[in-house]
Amino acid sequence: MKDYLVLISCICFLVFLIPGRFRKYFALGGWASIVGYLFLELPYYFSLNNFMYPAIAVLSVPFLYITAKYLLRDDPRVMQISTIAAVAFLIYAPFGYMPALGNWLIAAVADQTSAVLAAVGYPVTFQDWNLMERNGLQTEIILACTGIQSIAIMLGVAWGVQSTLKQKIAGFLVVFPTIYILNIVRNVFVITAYTEQWFPYLPEIAGNGEFGYESFFWAHNVMAELGALVFLVVLAYTLFMIVPQLGTLADNLYRLYRGEIAQVVRPNAGKTER
């Protein structure tokens, strides 16, 4: 069911890119499918002791309500953010739904991660084409470990607004190599921290019953997640400098969503900001 929701969301956003009077309904279907997917993934997130994505799932409910409300009004701001999502899916779809291409990317990232691990003195052995082992602990490289989702999202941000060809090329040159290289560094850090057991702390919080999982939890679910969040904020700021239209859109969206939330918290507040 979860995979179907992702596929439905992808199809809806791609159809949204086709001009037509009903395109806003496809955008709505795309956003609703994403929110549904987040909630169906909650058991998996909790099994990893990952509370960041459950928090995102909770916050996605008011986001979906506000987005749906203004999509039905053909509001240009939410139509624009839907275009960004559609462009991101357009970039992600070949890797997510063409196994040969997705597996090629996974294999490339696994090989490059292994090469860097060897270079820094922590060599691993391959138990399978994407399964690494060191010190009796195994780490599997999957599509989520390739950085393609972040690359697609940030390229969607860079390319989802009207901009010049020069701006689009500059956005690509900032987003793709930066995220790709830093994702390899992230993989190296997580695998080393896990297989060397750098952070075997607070098993009552970080443990899941598997030997050594605590180090993976702190490295992957906490440090890498927070580091990625900070990095994406910096990258977004850089994109705003390259494509000033993004800054205007971000400010307009902030005012829209803040105004709607203020209406719920304090009736009659925020009306003038929308």
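Good morning. In what follows, UniProt positions are given in the numbering used here, feature names are shortened, and annotations may be inferred rather than shown by experiment. The model before you is predicted: local features need pLDDT of at least 70, side-chain atom pairs count only at pLDDT 80 or more, and totals for chains, interfaces and linings use all residues. Residues are numbered from 1 along each chain as its sequence is written, and side-chain values use heavy atoms, with hydrogens and water left out.

I turn to the annotated site. The unreviewed UniProt entry assigns "active site" to Cys-145 and Arg-186. These residues span 42 residues in sequence, yet no two of their C-alpha atoms are more than 9.0 Å apart, so they gather at one spot.

Where does Cys-145 lie? Cys-145 is in the loop between β3 (137-140) and α7 (148-159); helices (H or I, at least four residues) and strands (E, at least two) are DSSP runs, numbered from the N terminus. Cys-145 is buried, at 14% relative accessible area, where buried means under 20%, exposed over 50%, and partly exposed in between, with a 1.4 Å probe and protein chains only. Setting aside residues up to four places away in sequence, Cys-145 touches Val-109, Glu-140, Asn-183, Arg-186 and Asn-187; contact means heavy atoms within 4.5 Å.

Arg-186 belongs to helix α8 (residues 165-195) and is partly exposed, at 22% relative accessibility. Beyond its neighbours within four places in sequence, Arg-186 contacts Cys-145, His-220 and Ala-224.

Finally, the cysteines. With a disulfide defined as a pair of cysteine sulfur atoms within 2.5 Å, the count is zero. For Cys-12, the nearest cysteine sulfur, that of Cys-10, is 9.4 Å away. Cys-12 is buried, at 13% relative accessibility.
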